[in-house]
Amino acid sequence: MIPPRFLDRRDFLRRTLGGSLLVPTLSPGTAPLAGLLGRPKDGLHHAAKAKRVIYLFQSGGPSQLETFDYKPLLNERNGEQLPDSVRQGQRLTGMSGNQTSLPLAGAQFDFAQYGESGAWVSELLPHTAKIVDKLCIVRSMYTEAINHDPAITFFLTGSQIAGRPSMGAWLSYALGSMTQDLPSFVVLVTQGKGGQPLYARLWGAGFLPARYQGVQLRAGTDPVLYLENVPGIDRERRRRMLDAQAELQGLDPGGDTAMAKEELAYRMQESVPEVADLSDEPKETFALYGEDARKPGTYAANALMARRLLERGVRFVQLFHQGWDQHGSLPGAIRTQCRETDQASAALVQDLEQRGMLDDTLVVWGGEFGRTNYSQGKLTANNYGRDHHPRCFSMWMAGGGIKPGTIYGETDPFGYNITAHPVHVHDLQATLLHLLGIDHERLIWKYQGRRFRLTDVHGHVMQPLLA
Amino acid sequence: MLVSDFVFVCAALTQEPLQSIDFQRDVRPILSDKCFACHGPDAAARKADLRLDTREGALADLGGYVAVVPGGAEESELIYRITSEDRRELMPPPESGHSLTDEERATLRAWVDQGAEYAPHWSFVPVDSVLSPAVTEEWARDEIDSYVLHRMKMAGLDPQRDAVDEDWLRRVSFVLTGLPPTMELITGFPSELTRGQVVDQLLGSPHFGEHFAAQWMDIARYADTYGYQNDRERRVWPYRDWVIRAYNENLPYDDFVRWQLAGDMLPDPTLEQRIATAFQRLHRQTNEGGSVEEEFRVEYVSDRVHTMGTAFLGLTFECARCHDHRYDPISQVEYYQLSDYFDDIKESGLYSHFTNATPTPAMELPSERQSIAMADAEAAVAAAEAKLSEVLQDQHGLARVVPSDDVEVLFDFDTWSEDQVSLGVGAENAAARMEGFFKKVDGVRGSGIRLNGDEGIRFSGVGAWRRSDPFTVSMWLKLDGPIERAVLLHRSRAWHDAASQGWQLLIEDGRLTAALVHFWPGDMAMVRTFDPLPIGEWIEVQLAYDGSSNAYGMALSVNGESARVTVGENSLTRAIVGGGPGDPSFGARFRDRGFSQGVLDEVRFISGWPGPSWDPAVDLARADLRNARRNRDELRDEIPQLMVMRERAQPRASRFLDRGLYDSPKGPVGRAVPTALLGDVDQPKNRLELANWMLNRDHPLTARVEVDRLWRAVFGKGLMRTPENWGSQGELPTHPKLLDRLALDLMESGWDRKAMLRRIVLSRTFAQARVAFDDPSRAVDPESRYWSYYPDRRLTAEMVRDGALAHSGLLVRKIGGASVKPYQPAGLWQEKSGQVYHPSKGEGLYRRSLYTFWKRTSPPPSMMIFDAAKRDVCVVKRQETQTPLQVLVSWNDPQLVEASRMLATRMLRDSISLEKLGIELGFGPDHILSSLSAFFESEREAFAADLESASALLGVGDTPMPEDIDLAELAAMTIVCSTILSSDLYLLLP
């Protein structure tokens, strides 16, 4: 009964390849999933202001009170108890919730106004202070979570619960790639920082297909996992292996689309080290970003790498810089954090501008929540700590479609509650998508029978922030 | 009747004109997807008081008009609204983003005209006995084939030819064991072994259980770490090994479910039955500082509900956590009624940051040696106890009020120097230091002290007691007023952050509480005074403890009078000394509320049994008892533990949470199963009865979901293509009748899964070949929904690696044990969390991927790249993608390069030609690999001219380089093998 083998096995193999399954991550354009539910079908929902994003994520929760939200009242009332009328019974974390004393702590750093916008910036951020007129500083961000893991997950996936796609994965899914040689969504983590841990879920694809997940570029010889050929295999030999594989599979060496993912991998082996190799950058670059940028894995090197990636067509670069979680000894620690990040953050904005890329690149700076106006632990003459504070904190954005020189939102004189123009995390996400030409209510993925969005069922585009 | 009504899904697929409308098949998918969000089961979200998920609702008078008039489309508001040209009237509203196609409108109109019949959702209707279609063709081997062929014929399709023997063998071997066929099978089949015999061998192989356990790990969200940010290691692999055994021993599915859900509640549960319940503790857990304990505890309970729903019932209960389910008839109240079954264990929302205590409830898993030693040690304790009571006769009770002249160390606070306080007695041994603020005040004798609640007094030289040490502590207090919570004297690192491990005296709700804690709240002994402490006067409070690890050995007294106490908890089994520091302190504790509302004087510590015995025989008996206990405790502390389920004696009566928020509890809702889902039964009273309810013959989902899982294991795709959702928003099965037939057969076989798998893999349906991409049958049946060919399937992450290890001969075929750490690029753990990954040495590098250590926040990268599930939450279907990153793994993962080298070594040593290798790899006798011989030759020459590269390549991996083979030859063959293992020839299932 079994029919004779009617197909040569190799021929059969060839003819079972190249089918519907073959959808390489790096293919440009949006063909593979076009027409699927909720995705912008032919291009975008509306004209995009930005094509690319660099998100400078300051992990741990940078204090707004030592950076952008100037509160002289806290210095005047330094050491006095946080008034109940200000706290209004809102929850504290278990770290300071049982403290019998919640002494107000004034920032031990000088503030001054800068630029035409007159934005207040602390002495810790001298470089950022110089570019305030290019920034839109939001001082009225708020979030729902009070602990790191839920808060950072919320910021980057729109939900405190693990398992949703990250912001960058949503964008890769929505916008596709602009490069054949590099991943569309790249993650860079400052090396050797420690502090609150990071996890792959923050750049994961959740229930979206895995090809939309962020690819972490690491400092060192193997920037993408398994990218570097093992010893004994050089580029020529790899080429020969590829051709032998094609022949084995009954394909034309080098030309067949059924080898697309292999060919892409082969190209990445060249293009990724090229982008990571900063030796072709002129002296001026390092003057701008700081000498730190010569050291692989620093924040400055990553900021520079982010620009190089964007130049080569990468859509979304996410930097992570840990170490902002200053429950104690804040003054010393935040000084270090700022020193590591201030110059390069500002340099990135200026560099993009000089290259004419700022107009269609969105730069975002911020963490997962803010910090309390009272001291966690003992307040002394020159030392204090601050606990997590989700009710208000500051971020800044610049570039593609953002109104420069803007200061948005206000907090009360105690720096505890928002008094004007609150911006929720989902609002920020909606605005970011909007700038990229995506309606956040229409970017959806159906999973388990439900339509999921980055912004869940919330979020408003913040028009006042837009140019 | 119901089942037969909606059988022919193919109508929609083949675009036949809609004649007779079927609600299940044609109408519900439209209503559910486009209308239910506002007109469905969720009462709170319902607009215009209209619900369309029930016929009653659709036909209700809405005040002069009716949404649906059976037989009268023109009179029906629904039809008017979905066809209105006025945007303000049109449904669904344009701004909702939903819209109906013309075809959908026509369907709804025809449905209304034909009488607007409703039917309950198919998967909520019990499996009915069904008759198989009469198919006479010789093709069919099993009833399965009759169903499949019947539908194929209706669609004008013919079955695909059978796969050739080599392909069938390779396929069935991977499907049942996750490994390629062994040489014995390859040489024995088909000449000596029938297909049935092959299948029996595979089902009998211990690798069968491994392979199916690997699939279950996604569902059980198994991981070797807790998850969340700190993501510490936890020892839960005994559960994984139980799953392997359960599959290998063919544990009937009903027991498989029952044990995992409620093994602890079975009469006299066995070790295995209790281990199985770890299933419910494998969710993520946090220890992040400052987390609200209750917030996360609630999260864990919810995870158990969601996992139970997804794993066993295929339903999305999580959608009803914050509001009524938008699509399925599951209300929010029902969610919390279900959640109540899973809420009654003594667990904490935080695992311990400062100790490595196993979160409770936990069970002990002693080795045989430990069991014997423990029995001896317990006997010794019992004998020493008997001896002591004998010599004591009626001298003393074991725990009693200690007269105030018994003193070992006394701090009297009467003289001061800087931050040191004076010692009345015992100065040579002990000291006390003020941590910060203090104020000298009048004491009960001389001066006393007042603190601020944040900074306390740190003692040293006394109080570092184990649970076998009898001890007594006392102090004088004067309270300013009623105190809700205050930490008095304790030896512990922290409250939630150390699960209170240590000993402690607290004021809670105005009452004195004493506790010895290993892990709060399930491994501790705790007593509390019945009456509140007096206020505004000096009182002396005291704890005397007899070293028994028992709450009844803890005596509290106030002002020298024995206090009436309630026993809050009596389950202490393990050490109370962890977390550091070893010394006690008073008045403050890390992230806890200290003692600021009162003053303190005269703190006393007494080690050992209180008071002299006046009798050397008593002293001796006491010393013996303490030694016996210490010996037993030390043995016990060494016994590994496993998180499991253990029901509380007193139910917690969990509550409805408004909007799903832990801090918005409303009234208790009791326990019940969802009304729409076999709800018309005696309500299960506990988890065990809940499990039995799921296994009821009439339960509509349990058997269907499992039989579909088995089918999916065999075909890569299920009869149900949305296994993650069997509710209203899920698809209809490709073959509803077949699904029901198999579900029924599974139940009637006594839930025999091996028998079901045997049947499926021996079916003609399974035997079909794959088809070429341009085969005409793909046009009609692109996703093999008719099962008219074997679906395209790539090796899973596990199969890729395990298969290569098997071919190379490196695979260590050992079953079970602690997880291992194969090769992984350096620095991945470190850059995220500062922890360091130390790869295993020796056999740990070559175990099956099931045993690879799973760290949730940094899962094994090569497996993740090949689409493994993340194991954060229960997942029943993996993504299947192809990316260049997978190619890079195939090329450069040292595991696969080393496997290529060892495969090459075997070939050269045993003179295995490329042709023979093709047979060994199960590629058939086609000489398909001979195209590589020229490649081998040219690479050999290239390596011969560059021996340095050859030895560099051969140095990859820990296995020593063979010395008996020519380097260039071996390197070239390694390159050839790597090319084969990177190719789709290897990566695609035939």
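Predicted model: local features only at pLDDT ≥ 70, side-chain atom pairs only at ≥ 80, totals over all residues.

Colleague: Over which residues of chain B does the pLDDT fall below 50?

Modeller: One such stretch is residues 1–18 of chain B, which has 32 contacts in the model beyond near neighbours in sequence. Another is residues 397–404 of chain B, where the pLDDT stays under 50 and the model has 21 contacts beyond four places in sequence. In chain A, residues 1–7 also stay under 50, and the model has 4 contacts for them beyond four places in sequence. Residues 17–37 of chain A are likewise below 50, with 45 contacts beyond near neighbours in sequence.

Colleague: How is chain B divided into domains?

Modeller: The assignment gives domain 1 (2–119), domain 2 (409–612) and domain 3 (892–987). Between the C-alpha centres of domain 2 and domain 3 of chain B there are 70 Å.

Colleague: How does one describe two helices that pack together?

Modeller: Two quantities are used: the angle between the axes of the packed helices and the distance between those axes. In chain B, helix 32 (residues 933–944) and helix 34 (residues 967–982) pack at an angle of about 135°, and their axes are 8 Å apart.

Colleague: Which residues of helix 32 and helix 34 of chain B meet?

Modeller: From helix 32 of chain B, they include Phe935(B), Phe936(B) and Phe943(B); from helix 34 of chain B, they include Ala971(B), Met973(B) and Val976(B). By class, this contact has 10 nonpolar, no polar and 3 charged residues.

Colleague: At what angle do helix 8 and helix 22 of chain B cross?

Modeller: Helix 8 and helix 22 (residues 736–748) of chain B cross at roughly 170°, and their axes come within 9 Å. An angle over 145 degrees counts as roughly antiparallel, so helix 8 of chain B is roughly antiparallel to helix 22 of chain B. Glu143(B), Ile144(B) and Tyr147(B) of helix 8 of chain B make this contact with Lys737(B), Leu738(B) and Arg741(B) of helix 22 of chain B. The residues involved are 3 nonpolar, no polar and 3 charged.

Colleague: May we turn to the backbone? Which residues does a cis peptide bond join in chain B?

Modeller: One cis peptide bond joins Phe189(B) and Pro190(B), with omega about 0°. Pro190(B) sits in the loop between helix 10 (183–188) and helix 11 (195–204) of chain B. Another joins Trp520(B) and Pro521(B), with omega about 10°. Pro521(B) is in the loop between strand 11 (511–519) and strand 12 (523–529) of chain B.

Colleague: What is the phi of Ala116(B)?

Modeller: Ala116(B) is not a glycine, yet its phi is positive, about 50°. Ala116(B) belongs to the loop between helix 7 (102–113) and helix 8 (143–154) of chain B.

Colleague: Lastly, how many residues does each chain bring to the contact between chain A and chain B?

Modeller: Chain B brings 82 residues and chain A brings 70 residues. Among the helices of chain B that each supply at least two residues to this side are helix 27 (828–833), helix 30 (894–909) and helix 34. Helix 29 of chain B gives the largest share, 6 residues. By class, the side of chain B that touches chain A has 28 nonpolar, 33 polar and 21 charged residues.

Key:
Residues numbered from 1 in each chain as written. Chains lettered and ligands numbered in written order. Axes fitted to C-alpha atoms, helices over the stretch in contact; angles between N-to-C directions. Helix = DSSP H or I, 4+ residues; strand = E, 2+ residues; numbered from the N terminus. Contact = placed C-beta atoms within 7 Å. Nonpolar A, V, L, I, M, F, W, Y, C, P; charged D, E, K, R; others polar. Domains from an automatic or database assignment. pLDDT = per-residue confidence, 0-100. Parallel < 35°, antiparallel > 145°, perpendicular 65-115°, else oblique.
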